[in-house]
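I am keeping notes on what I looked up in this structure. The entries start with ring pairs, then turn to the core and the pocket.

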Amino acid sequence: PGQSGLYVHCVPTGRGSDVSLSWRPSESIPGAHEVRIKYARVGAFPSVGEFYVLVFKDRFCASLAELWYCVVHSRLRADVNGVTGQAAGVELVVRGDRVPRIVRAYAGLATSDGSKEQTTKDAAFDPPSAFRLVPHAHNKFAIHFRPRHPGNSRLHVHLVDVDTQDLVA
């Protein structure tokens, strides 16, 4: 329950209650709320967890204000070390799901506070365009990252289905 009269309830769709949710009025933006969601025990890649967040206008949970459908994807992680201005490459392996897909890889640099992601031209992929993701097989593709500035960078790589625009990995 919040001071604004909004009440939040979380409904997991899978096994057990793996969701922890905190809700409070924002200190920096008047009238806004801060929502912190923690999802525990998501399985190994490519596991997906799903849950609903229901926001009610009354404490009896009779008047629904908003309904959020949340999907949590597990991620793969690969660490790459390199020198500023020189390309460092790594081969990534992604297991295909149940259906054959045509996917394209995209890269984005995370900001220092982790709140946003901006696209980057510092990364190149092999294959450079869309490629077929074979179902139930280990599919390889490579990324070549050429940092332009010294320091640590966090690069997020996404595989997106070309036809449906769904996030695959």
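**Aromatic pairs.** I searched the whole structure for aromatic pairs and found five. I counted rings of Phe, Tyr and Trp (its six-membered ring) as a pair if their centres lie within 6.5 Å; planes under 30 degrees apart are stacked, over 60 edge-to-face, and the rest tilted. The model is predicted, so to speak of local features I need pLDDT of at least 70, and side-chain atom pairs count only at pLDDT 80 or more, while totals for chains, interfaces and linings use all residues. Residues are numbered from 1 along each chain as its sequence is written, and side-chain values use heavy atoms, with hydrogens and water left out.

I looked at Tyr39 and Phe51, a stacked pair at 5.6 Å centre to centre, with 10 degrees between the planes. Tyr39 sits in strand E3 and Phe51 in strand E4, 12 residues apart. Strands are DSSP runs of E, at least two residues, numbered from the N terminus. Buried means under 20%, exposed over 50%, and partly exposed in between (1.4 Å probe, protein chains only).

Next I took Tyr52 and Tyr69, a tilted pair at 5.1 Å and 45 degrees. Tyr52 is in strand E4 and Tyr69 in strand E5, so the pair ties together parts 17 residues apart in sequence. Tyr52 is partly exposed at 30%, and Tyr69 is partly exposed at 44%.

I also noted that ring pairs link Phe125, Phe131 and Phe141 into a cluster.

**Core.** Of its 15 residues, Val103, Phe125, Phe131, Phe141 and Leu159 touch the most other members. Strand E7 supplies the largest share of this core, four residues. Leaving aside neighbours within four places in sequence, I found Val103 in contact (heavy atoms within 4.5 Å) with residues including Phe131, Leu133, Leu159 and Val168.

**Pocket.** Which strand gives the most to the lining of the largest pocket? I found that E6 does, with six residues.

Definitions and conventions. Core = buried A, V, L, I, M, F, W, Y, C linked by side-chain atoms within 4.5 Å.
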